[in-house]
Amino acid sequence: MMKKFKIIVSLLSATMLGLCGASEYYAGKIPDSFYVERGEKLDIASYPVVSVSSSGTARAELLTCPSSQEVNLKLFGIIPIKSVEICRKEAPVLTAGGMPFGIKLLMEGVMVVKLNESGECPAKEAGIRTGDIIRLVNNLPVSSNKEIQEIISGSGGQKLKISVNRSGKEFITCLTPVWSAERNCYIGGMWVRDSTAGIGTMTFLDKSSGMFAGLGHPICDADTGEIVPVSSGKAVPVEITGTVKGRSGIPGELDGCFVSGDCIGDLEINNRCGIFGKLSDKATETCQGEEYKMGFKQEVDTGRAYILCTTGGSTPQRYEIEIERIDYSGDDSTKNMIIRITDENLIEKTGGIVQGMSGSPIIQNEKIVGAVTHVFISDPTRGYGIFAENMSEYTKQGVIE
């Protein structure tokens, strides 16, 4: 009898240890705050074993006042996991995108993309690095490659005061141009870029503000990898003319051309969650996408979903996917889920996810829950997606980055 009792105690102890370990696992995976619709309770779709209990006297699901509340999460309703904050808000109604658009960006200043490594380099001696943004020269704003070339070549070799932004921090340095016999002018020993262009996919339009979201990841400089700071930019119509099919080790891409005519909107923000701008009144009126409520991050679940994207012309089509994994805890806000293309028609056309498809909205349970962001180079049928919630923050009325 004693032997059986010891076995039972050992089993119970092992079970408790396992539950405590599971509790710590979920505590690390679950974020510290959630948005929840008024009148609804917090349910974490991908973690059905986690339940919620209010830490106050009122039940969490009955709180409808515009406020936040701390609630306790428990494993199987028994083992404490952590306390999280829930904020009550209405999920926005968004117009689904999936259509391509052209991107024309002018930078805030000019970006240093290369330094002279084979000879004298005044820029390097001044402490300038690739990826730096030069905004002012001798207190005069510069916004183009041509402007900074003219200032340096006409300097007569005199020291120039340079205002530089590096990773969001400003500093002042002095650059002394040197004479180049080969080019017959003074040079700074650096190459700069003032603009960039490309093709992406629109994720959604928030008609309440007129703001749209696209890409789901930042536009970065091809040489430096740095996020391109936006001075001004235009969204223009695009027509997809063909597809380069992706395969293992070689990403594919959508081929397209800018369509002549008026721009469809102004680009205002380029950050870690995508590109954001204001559509023109005409483009807003003619936007024919279907309207969906946005799904908050805890509503996204593994399993079947679909994306909207355009692989020919300018009209998006629906293609089936599988959401394989959801990650709330990752530091990269553009890689919240792993998705896999399951639609044979799309695989036949493109091989899976290709460049230019970034921003394609992900629809699950008739809600916009995210957007495609990256492709796995080793397997073009799989890639990453971002939560729509992360992108929606930048399409509110009067938003400031």
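Is Glu170 buried, exposed or partly exposed? Glu170 is partly exposed, having a relative accessible area of 46%. Here, buried stands for under 20% relative accessible area, exposed for over 50%, and partly exposed for anything in between, using a 1.4 Å probe and protein chains only.

## About the model

This is a predicted model, in which local features need pLDDT of at least 70 and side-chain atom pairs count only at pLDDT 80 or more, while totals for chains, interfaces and linings use all residues. Residues are numbered from 1 along each chain as its sequence is written, and side-chain values use heavy atoms, with hydrogens and water left out.

## Salt bridges

Let us begin with charged pairs. The structure holds 10 salt bridges, a salt bridge being a side-chain nitrogen of Lys or Arg within 4 Å of a carboxyl oxygen of Asp or Glu. One of them joins the side chains of Glu170 and Arg135, at 3.0 Å from N to O. Because Glu170 sits in strand β10 (residues 169–175) and Arg135 in strand β7 (residues 133–137), this pair ties together parts that are 35 residues apart in sequence. Strands (E, at least two residues) and helices (H or I, at least four) are DSSP runs, numbered from the N terminus.

There is also a network of salt bridges to look for: it links Glu324, Arg340 and Arg382.

Lys293 and Glu37 form a salt bridge whose closest N and O atoms are 2.8 Å apart. This pair links distant parts of the chain, 256 residues apart: Lys293 is in strand β19 (residues 291–294), and Glu37 is in the loop between β1 (33–36) and β2 (50–54). Lys293 is partly exposed at 33% relative accessibility, whereas Glu37 is buried at 11%.

Another salt bridge brings Lys367 together with Glu299, with 2.5 Å between the closest N and O atoms. Here too the pair links distant parts of the chain, 68 residues apart, with Lys367 in strand β24 (residues 367–376) and Glu299 in the loop between β19 and β20 (303–309). Lys367 has a relative accessible area of 22% and is partly exposed; Glu299 is partly exposed at 26%.

## Around Glu366

Glu366 is found in the loop between β23 (361–364) and β24. With 47% relative accessibility, Glu366 counts as partly exposed. Setting aside neighbours within four places in sequence, Glu366 is in contact (heavy atoms within 4.5 Å) with Tyr292, Lys293 and Tyr306. Glu366 and Glu291 are 75 residues apart in sequence, and their C-alpha atoms are 9.5 Å apart in space.

## Around Lys82

Now turn to strand β4 (residues 79–88), where you will find Lys82. Lys82 is buried, with a relative accessible area of 17%. A polar atom of the Lys82 side chain lies 2.7 Å from the backbone oxygen of Ile30.

Which residues is Lys82 in contact with, leaving aside its neighbours within four places in sequence? They are Ala27, Ile30, Pro31, Asp32, Val71, Asn72 and Leu73.

## Cysteines

How many disulfides does the structure hold? The count is 0, where a disulfide is a pair of cysteine sulfur atoms within 2.5 Å. Cys273 is buried, with a relative accessible area of 1%, and Cys309 is buried at 1% relative accessibility.

Technical notes
A polar contact is a pair of N or O atoms within 3.5 Å; within protein, one must be able to donate a hydrogen and the other to accept it, and residues adjacent in sequence count only if both atoms are side-chain atoms.
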